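This briefing accompanies the sequence and model shown below.

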Amino acid sequence: MNPTTLAAILQLLLAATFFVIPTIAWTRGGASQDAAEAEISRQGHSPSVLAQHGIAFREKPWELALALTIGVALTALGVLNLTGNPTGRLLSWIAEPVVLLGVGFITAGQVFATAYTRAAFARSADSALHTVDAAALIAAANTPFPAWLRPLVLTRFALATAGSAAVLLLLWL
């Protein structure tokens with residue numbers, strides 16, 4: 001398999017995650033938010049502390065639109081590269097560093113959600129929030145999602161980071 005074809009396959013695999021993950025988050029995010037709010041209440045805190053600390057599980061319309069747009073862009077790049085169109089190579093050289101840094105950063109928050117949540121509450125001026133059981137909160141929030149979603153999130157992180165670096169390397173060869 002030639003390097004450009006392999007780069008295109010990596011782009012298309014990453015693109016697929018940008019259609020599946022946000023669709024699941026859109027359809028089940030409300031139930032996830034409800035579960036997280038019930039868990040934070042069970043721990044003796046107001047559900048409003050989640051929003052106050054930037055913790056949300058419900059997908060916003062603009063987040064869904066952005067994710068789907070990224071998926072479409074990566075699909076276009078993958079198809080261009082798969083067909084050997086030189087524009088695909090050029091545009092990939094522009095887009096892949098953005099994917100590596102931007103998407104890698106955003107998906108890191110999803111991969112390390114428990115640590116992020118723990119840190120968010122640890123920084124709170126309200127010392128009562130320092131005792132929030134972040135692992136239980138994230139576990140509760142994850143219950144409405146299918147079991148295969150977590151491995152797919154990890155796959156997207158790997159494809160966005162190591163995969164994007166590999167695409168750049170493969171297109172350089």
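Helices here are DSSP runs of H or I with at least four residues, numbered from the N terminus. On that basis, Ser92 lies in helix 4, which covers residues 86-111. The model is a predicted one, and the secondary structure of its protein chain comes to seven helices and zero strands.

**Overall architecture**

- Read from the N terminus on, the elements of the protein chain follow the order α-α-α-α-α-α-α.
- The C-alpha trace spans about 60 × 30 × 25 Å along its principal axes.
- Of the 173 residues in the protein chain, 42% are buried.
- When contacts between residues at least 6 apart in sequence are considered, 82% join residues at least 24 apart.
- The protein chain exposes about 8900 Å², and carbon and sulfur atoms supply 71% of this area.

- Is Ser92 buried or exposed? Ser92 counts as buried because its relative accessibility is 0%, and the cut-off for buried is under 20%.
- Beyond its neighbours within four places in sequence, Ser92 is in contact with Gln11, Leu77, Asn81, Pro97, Leu168 and Leu171.

**Leu64 in helix 3**

- Leu64 is found in helix 3, an element that covers residues 61-82.
- A relative accessibility of 16% places Leu64 among the buried residues, since buried means under 20%.
- With neighbours within four places in sequence left aside, the contacts of Leu64 are Pro22, Thr23, Trp26 and Glu59.
- Leu64 and Phe19 are separated by 45 residues in sequence, and their C-alpha atoms are 9.1 Å apart in space.

**The loop between helix 3 and helix 4**

- Gly84 lies in the loop that joins helix 3 to helix 4.
- At 54% relative accessibility, Gly84 counts as exposed, because the cut-off for exposed is over 50%.
- Gly84 and Gln11 are 73 residues apart in sequence, with a C-alpha to C-alpha distance of 14 Å.
- Gln11 is also one of the residues in contact with Ser92.

**Nonpolar surface patch**

- Met1, Leu6, Ile9, Leu13 and Leu82 make a nonpolar surface patch of about 470 Å².
- Which helix gives the most to the nonpolar patch? Helix 1, residues 3-42, does, with three residues.
- Ile9, one of the patch residues, lies in helix 1.
- Ile9 has a relative accessibility of 30% and therefore counts as partly exposed, the class between under 20% and over 50%.

**Salt bridges**

- How many salt bridges does a search of the whole structure find? The search finds two.
- One of them joins the side chains of Asp34 and Arg58, with an N to O distance of 3.7 Å. This pair links distant parts of the chain, 24 residues apart: Asp34 is in helix 1, and Arg58 is in the loop between helix 2 (48-52) and helix 3.
- Asp34 counts as partly exposed at 45% relative accessibility, and Arg58 is likewise partly exposed, with a relative accessible area of 43%.
- Glu39 forms a salt bridge with Arg42, and the closest N and O atoms of that pair are 2.6 Å apart.
- Both Glu39 and Arg42 lie in helix 1, three residues apart, which is about one turn of the helix.
- Glu39 is buried, with a relative accessible area of 10%, whereas Arg42 is exposed, with a relative accessible area of 58%.

**The largest pocket**

- The largest pocket holds about 1200 Å³ of space.
- Its lining comprises 37 residues, and those nearest the centre of the pocket are Ala56, Glu59, Ile106, Gly109 and Gln110.
- Glu59 is also among the residues in contact with Leu64.
- At least two lining residues of the largest pocket come from each of helix 1, helix 3, helix 4, helix 5 (113-122), helix 6 (134-142) and helix 7 (149-172).
- Which helix supplies the largest share of this lining? Helix 4 does, with eight residues.

Methods. Residues numbered from 1 in each chain as written. Predicted model: local features only at pLDDT ≥ 70, side-chain atom pairs only at ≥ 80, totals over all residues. Heavy atoms only, no water. Buried < 20%, exposed > 50% of the residue type's maximum accessible area, 1.4 Å probe, protein only. Contact = heavy atoms within 4.5 Å. Patch = residues over 30% accessible without salt bridge, like charges linked within 9 Å, V, L, I, M, F, W, Y side chains within 5 Å. Areas by Shrake-Rupley, 256 points an atom, 1.4 Å probe, with all protein chains shown as cover. Salt bridge = Lys/Arg side-chain N within 4 Å of Asp/Glu carboxyl O. 1 Å grid on protein atoms, 1.4 Å probe; cavity = no way out; pocket = protein on both sides within 12 Å on 5 of 7 lines; lining within 4 Å. Points joined across faces, edges and corners; volume = space filled by probe spheres on them.
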